[in-house]
Amino acid sequence: MVKAFLVFITIVKLCTNNYVTGFHKEVCCKTEWFDRDDPSGNGDYELLADLQKESPARICTKPIACEVETTKGVPASLTGENFVSCNASTGFFCVNSNQLDRACQDYRIRFTCPDSFCDVTKPPVGCCKTPWFDRDNPSGIGDYEVFPNLRTENPDQICTDPLACEVETTSGIPASQTGENIASCNVSTGFFCMNSNQPDRACQDYRIRFTC
C-alpha cells in the first residue's frame, strides 16, 4: 500500500561527537525520511523515481548517498533480511518472497544531496564523515576501495556500520557523473571499478568516504 506523506528538506545532524579519530564535521544536505510503501503486497518499495514523482522538488535530481532503516529506527544492515543495499540512483526495495518468514519489515529511506540543494539560510549543523580514502588505483584490474580492507588498513578511522558512502574521482568528480560502468557505493562492501567493464578498458582513479 502506498502511503500519503509530506516531506520537507532539512539539514540533519548525524553525530554528536567525534568519538573516532579522523572523523570531521561538515554541513550535510539531507532529505527527511520517506516511507511511501509498506510490505503488505509483494514487498516494500522505496524507489527514487517514485519518490521524486510524488514529491516534486523535494529530492535532488542526483542524490550522492542514501540511508535505509526500519520505521522503528533499526538500520537495514542490522535487520538480517535479504535485500540489495540502498542505491542512490534507484532507491531501495525488499521483496517478501526473499525472506525466510516471507515478510519484509517496513522501511524508510532518506537521501544525501549536494549542499547547493538545501536552503542556505538554514543554520549549519554537524555531519559525521570520515576522510576520503584512496587505497588503490586502476593500474591493475581496476580500482578497489573495499570496505573490509579500508577498515583493516585504517583502524579506528571508519565506524563499524556506516550509514552511507560517497565515491568520487581523485579530481572531485562524483562517480555517477563519470559515465563509467560501475556499481553504486555499498556501505557494507565499499566500491570497485573494473577496467574490463569500461569501453576504453580503463577506470578512473576513485576515492571513497563514509557517513557514520
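With -85° about the S-S bond, the link between cysteine 60 and cysteine 113 is left-handed. Before you dig in, keep in mind that this is a predicted model, where local features need pLDDT of at least 70, side-chain atom pairs count only at pLDDT 80 or more, and totals for chains, interfaces and linings use all residues. Residues are numbered from 1 along each chain as its sequence is written, and side-chain values use heavy atoms, with hydrogens and water left out.

**Exercise 1.** Work out which parts of the chain the pair cysteine 60 and cysteine 113 ties together.

*Solution.* 
- Start with the rule: a disulfide is a pair of cysteine sulfur atoms within 2.5 Å.
- Cysteine 60 sits in the loop between α1 (48–54) and β5 (65–70), and cysteine 113 in strand β7 (residues 107–113), so the bond ties together parts that are 53 residues apart in sequence. (Helices are DSSP runs of H or I with at least four residues, strands are runs of E with at least two, and both are numbered from the N terminus.)
- Finally, check the cover: cysteine 60 and cysteine 113 are both buried, where buried means under 20% relative accessible area with a 1.4 Å probe, protein chains only.

**Exercise 2.** Now describe the link of cysteine 165 and cysteine 185.

*Solution.* 
- The sulfur atoms of cysteine 165 and cysteine 185 are 1.8 Å apart, which makes a disulfide.
- The turn about the S-S bond is -130°, and this link is left-handed.
- Cysteine 165 belongs to strand β10 (residues 164–169) and cysteine 185 to the loop between β10 and β11 (190–194), so parts 20 residues apart in sequence get tied together.
- Cysteine 165 counts as buried because its relative accessibility is 6%; cysteine 185 is buried as well, at 15%.

**Exercise 3.** Is cysteine 203 buried or exposed, and where does its partner cysteine 193 lie?

*Solution.* 
- Cysteine 193 and cysteine 203 form a disulfide with sulfur atoms 2.0 Å apart, left-handed at -90° about the S-S bond.
- Cysteine 193 is in strand β11, while cysteine 203 is in the loop between β11 and β12 (206–211), 10 residues apart.
- Cysteine 203 has a relative accessible area of 8%, so it is buried. Cysteine 193 is buried too, with 1% relative accessibility.

**Exercise 4.** How many disulfides, helices and strands does the chain have?

*Solution.* 
- The disulfide count comes to 5.
- The chain has 2 helices and 12 strands.

Notes. Buried means under 20% relative accessible area, exposed over 50%, partly exposed in between (1.4 Å probe, protein chains only).
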